[in-house]
Amino acid sequence: MNDFDPVTQDPLTNDPKFPATILPASFISGGDKVLGTMLIASGEGPHPTVLLLNGFPGNEVNYDIAHMMQRQGFNVFTFYYRGSWGSKGEFSWSNLIEDSTTALEFLRSIYCREKFMVDGSRIVFVGYSMGGFSVLFNSICFDQIKNVAAIAPFNPGLFGHVLETNSGIKIYAVQELQPAMDFVNSCSAEGLLEDMIKHKSDWNLLNYAEKLSKKNLLIISAQDDLTAPVQLHHHPLVNALRTFNGNLQDFILETGHSFSNKRIQLMKIISEWLNQIKF
């Protein structure tokens, strides 16, 4: 099995007593029911588990990455933030952050260990876009979360500073965000942007570079990203992290925000990083 490539190959075996499978899972966050999906790796377990956080609802959900990590021997839990895709409540950046923290508590529960064979002591954070922000931001509060991968991470705090000082960019951002509002139960596109302005300091990842540098980090961004341009969301963060000589791998792929033409390369980078991590 040393030559097995979970990116391009199916597993040669599947434990007949504990086969790889997918099960629905849900938890309560802020009093609301949040829906999710648990991919369970083959074998008796308990398994190391990835908390996979997606970006703005209605866009890329990264199930190809989830299945790849499942083939690699990890459970993967992904969920649908409050106010999106059938989850109850209201969608907001603040709720997105809280939902992610509650999801971690859920994964550490006795229930998840017994029903889904989750090893709560071996949790990895992987996030995309706004989910990339959430895994980085939330990892700061949990010393036991040592391994964090962020794909095209969005820095809402730094963007909040830009929005506050440039009305033209704010108008453009509202127009770009508006089509996705059909996928969420939320106040308005304007309200979501105002939330970033309000929390421009609290949610600026640059302010936490020293704490983040103590993690084993993987940051993958897209050269032609128009949603999270590397000039604003990648380079400043990576440069800040490198000043603290942390354990960081970073890549910029020649693609756009969804990595549509680089999915295999994206998965290979993540898979190789997972092979190197320690808990």
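Tutor: Let us begin with a helix. Helices (H or I, at least four residues) and strands (E, at least two) are DSSP runs numbered from the N terminus. In helix H7 (residues 189–198), the buried residues are Ala-189, Leu-192, Leu-193, Asp-195, Met-196 and Ile-197. Buried means under 20% relative accessible area, exposed over 50%, and partly exposed in between, with a 1.4 Å probe and protein chains only.

Student: Against which helices do the buried residues of H7 pack?

Tutor: They pack against helix H2 (93–107), helix H5 (156–165) and helix H6 (167–177); contact means heavy atoms within 4.5 Å.

Student: What should I bear in mind about the model itself?

Tutor: It is a predicted model, in which local features need pLDDT of at least 70 and side-chain atom pairs count only at pLDDT 80 or more, while totals for chains, interfaces and linings use all residues. Residues are numbered from 1 along each chain as its sequence is written, and side-chain values use heavy atoms, with hydrogens and water left out.

Student: How is a sheet read, and in what order do the strands lie here?

Tutor: Strands of a sheet pair through backbone hydrogen bonds, either parallel or antiparallel. Two strands count as paired if DSSP finds at least two bridges between them. Here 8 strands form an open sheet with mixed pairing, in the order E1-E2-E4-E3-E5-E6-E7-E8. Its edge strands, E1 and E8 (247–253), each pair on one side only.

Student: Which strands illustrate the two senses of pairing?

Tutor: Strands E1 (residues 21–29) and E2 (residues 32–40) run antiparallel and are joined by 9 bridges. Within this pair, Ile-28 has Lys-33 of E2 as its bridge partner. The hairpin has 2 residues between its strands, and Gly-30 there takes a positive phi near 60°. By contrast, E3 (residues 47–53) and E4 (residues 75–79) pair in the parallel sense over 4 bridges, and Val-50 stands opposite Val-76 in E4.

Student: How many residues does the largest nonpolar core hold?

Tutor: A nonpolar core is a set of buried Ala, Val, Leu, Ile, Met, Phe, Trp, Tyr and Cys residues joined through side-chain atoms within 4.5 Å. The largest has 61 residues, and Phe-77 and Trp-93 are among those with the most contacts inside it. H2 supplies the largest share of this core, 7 residues. Another core, of 28 residues, lies apart from it and includes Val-50, Ile-65, Met-69 and Ile-277.
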